[in-house]
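I opened this model to look up its helices, their packing and a few backbone details. My entries follow in the order in which I looked.

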Amino acid sequence: MPLPIPINMKHLAERNGGIDILRGLTVVLVVIHHMALRIPLAQTGLATIFPLWLLKVFSGNGRSAVTIFFVISGFIITSHTLKRWGTLSQLDWRNFYRRRAARILPCLVTLVVVLSVLDLTQVPDYTIEHTDQSVSSPSNPGCFWNAHELV
């Protein structure tokens, strides 16, 4: 049974069906894109169901879907923040980032642990085989930037 929503927080529980559908569609496109990076969809049973051009469209639009997903997420986060605190100048930054971390970090840590175990136990297709990759690279804050970009 879900917990009751406090009266002063009911406005945060309101959902926009259109945004939820768009967000869900972008998630599906990203997942299909990641699958297609590893498994060419044209060489699967999906090729007997869907035309080749459609498989290429689905597998090739992952990057655009990520961008759209982040735009939608930014809109939702900003909308909820404004509803919760009224204005951005009244925002309690510590509380905001605590809530964001509580939402994101458990899944991120779980993913890194599972992938690390799969790599360390040498599970096929989950083993890091490239010399420029390592298990620790996703957890390294500098892995997203090159040194020359920071100067």
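This is a predicted model: local features need pLDDT of at least 70, side-chain atom pairs count only at pLDDT 80 or more; totals for chains, interfaces and linings use all residues.

Entry 1, the end of α5. Just after α5, I found Q122 with a positive phi of about 60°, and Q122 takes this value although it is not a glycine. Most residues other than glycine have a negative phi. I placed Q122 in the loop between α5 and α6 (147-150), and I noted that Q122 counts as exposed because its relative accessibility is 51%; here buried means under 20% relative accessible area, exposed over 50%, and partly exposed in between, with a 1.4 Å probe and protein chains only.

Residues are numbered from 1 along each chain as its sequence is written, and side-chain values use heavy atoms, with hydrogens and water left out.

I counted six helices and zero strands, in the order α-α-α-α-α-α from the N terminus on; helices (H or I, at least four residues) and strands (E, at least two) are DSSP runs, numbered from the N terminus. Of the 151 residues, 17% count as buried. Among contacts (heavy atoms within 4.5 Å) between residues at least 6 apart in sequence, 50% join residues at least 24 apart.

Helix α5 (residues 93-120) has 28 residues and reaches 38 Å from its first C-alpha to its last, close to the 40 Å expected at 1.5 Å a residue, where the expected span is 1.5 Å times one less than the number of residues. I found a bend of about 35° at I104, with a proline, P106, following within four residues; the bend is the angle between axes fitted to the seven residues ending there and the seven starting there. The buried residues of α5 are F96, S116 and D119, and they pack against α4 (62-85).

In α4 I listed G62, A65, I72, S73, I76, S79, T81 and W85 as buried, and what covers them includes α1, α3 and α5. Just after α4, G86 takes a positive phi of about 90°.

At what angle do α1 and α3 pack? Helix α1 (residues 17-38) and helix α3 (residues 52-60) pack at about 105°, with their axes 7 Å apart; axes are lines fitted to C-alpha atoms, for helices over the stretch in contact, and angles run from 0 to 180 degrees between N-to-C directions. α1 is therefore roughly perpendicular to α3, a label that applies from 65 to 115 degrees. The contact is made by L29, I32, H33 and A36 of α1 and by F58, S59 and G60 of α3. These residues divide into four nonpolar, three polar and no charged, with Ala, Val, Leu, Ile, Met, Phe, Trp, Tyr, Cys and Pro counted as nonpolar, Asp, Glu, Lys and Arg as charged, and the others, Gly among them, as polar.

Is L41 buried or exposed? L41 lies in the loop between α1 and α2 (46-49), and it is buried, with a relative accessible area of 7%. Leaving aside its neighbours within four places in sequence, L41 is in contact with I32, M35, A36, L46, A47, L55 and S59. The C-alpha atoms of L41 and L52, 11 residues apart along the chain, are separated by 8.7 Å.

How values were computed:
Angles under 35 degrees count as roughly parallel, over 145 as roughly antiparallel, 65 to 115 as roughly perpendicular and the rest as oblique.
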